[in-house]
Amino acid sequence: MEHAKILTVSDGVVAGTREDRSGQAVEDHLRANGFEIDDRLVVADGIESVARALRALADGWAGLLVTTGGTGFGPRDLTPEGTRAVLDREAPGLAEAMRLVSPLGRLSRQTAGTIDAALVLNLPGSTNGCIECLDAVLDVVPHALELLRGDRPH
């Protein structure tokens, strides 16, 4: 069984003025696809808040680390910048595949990559968008995680 952690990035959810619908949708979808959810956190928008949370979630851990929210053009949408600040390596093919699932994907600035043995995917904050983007790459995630863990010969 593969392991996952979910990080919702939203000022509104942190403030209690919005419900974390995308985080719940991602959790439900990952569970339905055989993932065990090891942790689920919420942080405010911002480069440093995202970077700090991703560093902490990835520390000494292997699995899929998904963010939801903060990938658009809003002034506080800084999830990709916070993510890039801590990535060891980017995975542009995954980000491109996620952006291609719908016309609105062209407006997403999401990124993907690795932090040690964690595979990080930025997903949009909309409940439909986050699941569409996740489904665009979910078929290759187990293989990527095997490679990150060193489970497969090179």
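A surface patch here is made of residues with over 30% relative accessible area and no salt bridge, like charges being joined within 9 Å and nonpolar side chains (Val, Leu, Ile, Met, Phe, Trp, Tyr) within 5 Å. A salt bridge is a side-chain nitrogen of Lys or Arg within 4 Å of a carboxyl oxygen of Asp or Glu. Accessible areas come from the Shrake-Rupley method with a 1.4 Å probe, and for residues only the protein chains shown count as cover.

The model is predicted: local features need pLDDT of at least 70, side-chain atom pairs count only at pLDDT 80 or more, and totals for chains, interfaces and linings use all residues. Residues are numbered from 1 along each chain as its sequence is written, and side-chain values use heavy atoms, with hydrogens and water left out.

One nonpolar surface patch consists of Phe-73, Leu-104 and Leu-107, with about 370 Å² of accessible area together. Phe-73 lies in the loop between β3 (63-68) and α4 (79-84); helices (H or I, at least four residues) and strands (E, at least two) are DSSP runs, numbered from the N terminus. Phe-73 is exposed, at 61% relative accessible area, where exposed means over 50%, buried under 20% and partly exposed in between.

In strand β6 (residues 118-123), six of six residues are buried. Ala-118, Val-120 and Asn-122 are on one side, and Leu-119, Leu-121 and Leu-123 are on the other.

Strands pair if DSSP finds at least two bridges between them.

| Pair | Sense | Bridges |
|---|---|---|
| β3 and β6 | parallel | six bridges |
| β5 (residues 112-115) and β6 | antiparallel | four bridges |

Ala-118 in β6 stands opposite Gly-63 and opposite Ile-115. The hairpin of β5 and β6 has two residues between the strands, and Asp-116 there takes a positive phi near 50°.

Technical notes: Buried < 20%, exposed > 50% of the residue type's maximum accessible area, 1.4 Å probe, protein only.
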